[in-house]
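Please look over the sequence and the model before reading on.

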Amino acid sequence: MRARIAVLALLGALVLMPYLWMVAASVKPVSEIFRASLSIWPEQFAAAENYGKVLTRVPVLHYIWNGIVVCGGILLFQLLFAVPAGYALAKLRFPGRGIAFGAVMLGLLVPPHVPALPLYVAASGLGLLDSYTALIAPFTISAFAIFLFRQFFSALPDDLLHAARLDGMGEWSIVWRVVLPNAWPAATAFAIFSVVSHWNDLFWPLIVVQGHEHATPALGVLYFRSEEAGDDFGAMMAAAVLMTLPLVLAFLLAQRRFVEGIATTGLKG
Amino acid sequence: MAGITISGVVRQFGATPVLQGVSLTVEPGEFMALVGPSGCGKTTLMRIIAGIETADAGEIVIGNRTVTRLRPAERDIAMVFQSYALYPHLTVRENIAVPLAMRRLSTPERMPLLGRLLPGTRAKRAAIGEEVVRAAAPLGLAALLDRRPGQLSGGQRQRVALARAIIRRPAAFLMDEPLSNLDAALRVQTRREIVDIHRAAGVATLYVTHDQAEALTMADKVAVMMGGELLQVASPEAIYADPADLRVAGFIGSPRINTLAAEADAAGRVTVAGLPAGLRTEARGTLTLALRPEALRPAPAGLPAVLEHLEFLGDGLLLHARHAPDGAPLIARLEPEAREGLQPGAALRLGFAPGRALLFGADGRRVATRADAALVAA
């Protein structure tokens, strides 16, 4: 038991190391960061200086707000489309279901970089470049989400759905009132996956966004490095800490929900 | 008051016929048990009545409405599922309220936040809440209303499923083996409760079970189904004492009915292994003689048998023997006092009153009998 905890703690520390390094660097003065010797704890605190630089020189809060809008929008639409689609593929019988599911599986195989160019051309043609729509729309339909929900919904007992139909629910009510509330673990897991990947995404925002107006946090860090910080690593690390902070907080909250979801849905009952 | 009438229902899964033209009528207010071995098509039939599955042919009438093409919700029926099918994410209170909420509240009124702001929703919700409490109290659920199904025992979940079914006052109840997940003691108690609920509601009920004891104890009428066909529909007494088919006789009753190969000669006299059985019939040729265990008893004249062993049941005694001529097993149910003088391994004769003998033709259908002058000769 004790040995297992020791191993887990060691592995945890290894994984956490870069993050701790970032936090430590964000409160050190530059001279200390570039010193040859290794130390986590700073001798001189430069937190006010570093964080002050970030907060005054770039619109950090605006980047974070953009991140929330984009990630929230993407997640909302992904759930809106993927939950009913997953339900239909898992539980309804209709002609072409096999082909539709096959198409979803094929969609899983396409890397996101492949359609980037046509999507850019389309966004440009529609005059949508440098807008929230351009950041959100390409990700609203997620083959992975449809696949994940389809697999999870397949495990729901058919009798539960029959009972709902007898109670007077239509298919639409069943999806939102019966199926989704019983799929919290899947929905939470997917939400974490989706938000983390789009919060950290640099590739697509770099293509469609110009300037600070619609920049997401990852893009903001990039701007800060090239425009303001130069080789001021302390300030850059402070910017990175601020950009990841909302994600860490959201993750901690979701983690509790996630565990709760598994423990209380009582699906096994 | 509404009854259920189904006529000519046919259902096939691929090339396998599951229901072969089933017709059945449940009178208004009647408790009908549909009993048969696993895989006989009884659950499929119930699902077709509920509208969860569709029939390939046939018609279903509930009350005066033909519902064959209607969606489950429009058929005005409630169903209790074998797995109970409670909503795991809702409390007991919310579970029971769902059928009422879906019918009485409009779509905007059911919305989580918007609904509360609409005029009238609060009053409707309060009325539903009162009805939930009224439906739950007699089932002993009053203290459990705020729990979730995952926190309840099997018996409690079963009651929640019943409450959810009765709260709407439907035209008919369908119950699909509702007791099969309960332990034996609880099952006997819940049988009684379901019968009481049926009495109080007075609604036509179709109760599917594979347990013949449940069918006999609970129902006004029993329908025995095998291989996708209805073999007999009659009162429990008639099903037991007067089965129309050898398969019905074999399925109903525990211990199983005794069967012996018999023969009718040219004059219609029935013989068992060459010995006259004291019966006459219009049928000729190969027959099957069936005798309930309680119809047999040791007697000076009767079927020659060898006693194998005795089973003491407390309130009775089961005598296991073998028919001497062909080794067919015979079971007799006796009073416990009858043990006196019975020795395993000893030869004895098992007699029966001619009126209690059941005779079946080679096709398994019942054949009429009357007593012949002499009982089985020595």
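## Contact between the chains

In this predicted model, 19 residues of chain B are in contact with 17 residues of chain A. On the side of chain B that touches chain A, two elements of chain B, β6 (77–80) and α2 (92–104), each supply at least two residues. The element that gives the most to this side is α2(B), with four residues.

Sorted by class, the side of chain B that touches chain A comprises 14 nonpolar residues, three polar residues and two charged residues.

## Packing of two helices in chain B

The helix α2(B) also packs against another helix of chain B, α5 (residues 121–136). The two axes are 9 Å apart and form an angle of about 135°. Because of that angle, α2(B) is oblique to α5(B). The crossing in which α2(B) passes α5(B) is right-handed.

On the α2(B) side, the contact is made by R93(B), I96(B), A97(B), L100(B), A101(B) and R104(B). On the α5(B) side, K124(B), I128(B), E131(B), V132(B), A135(B) and A136(B) take part. By class, the residues of the contact of α2(B) with α5(B) comprise eight nonpolar and four charged residues, with no polar ones.

## An open sheet in chain B

Chain B contains an open sheet of four strands, in the order β17-β16-β15-β18, with antiparallel pairing. At the edges are β17 (329–334) and β18 (347–351) of chain B, each of which pairs on one side only. From one strand to the next, the twist averages 50°.

Within chain B, strand β15 (residues 297–312) and strand β16 (residues 317–323) run antiparallel and are joined by seven bridges. Across from F312(B) stands L317(B), a residue of β16(B).

## Annotated regions of chain A

For chain A, the unreviewed UniProt entry carries the annotation "transmembrane region". According to that record, the annotation covers residues 63–87, 99–120, 132–153, 174–196 and 233–254 of chain A.

Two of these spans can be described from the model. Residues 63–87 of chain A are 100% helix and 0% strand, and the end C-alpha atoms of this span lie 35 Å apart. Residues 99–120 of chain A are 73% helix and 0% strand, and here the end C-alpha atoms lie 28 Å apart.

Terms used. Residues numbered from 1 in each chain as written. Chains lettered and ligands numbered in written order. Predicted model: local features only at pLDDT ≥ 70, side-chain atom pairs only at ≥ 80, totals over all residues. Contact = placed C-beta atoms within 7 Å. Nonpolar A, V, L, I, M, F, W, Y, C, P; charged D, E, K, R; others polar. Pairing = 2+ DSSP bridges. Axes fitted to C-alpha atoms, helices over the stretch in contact; angles between N-to-C directions. Parallel < 35°, antiparallel > 145°, perpendicular 65-115°, else oblique. Left-handed = near helix turned anticlockwise from the far one by under 90°. UniProt positions renumbered as here; feature names shortened; annotations may be inferred.
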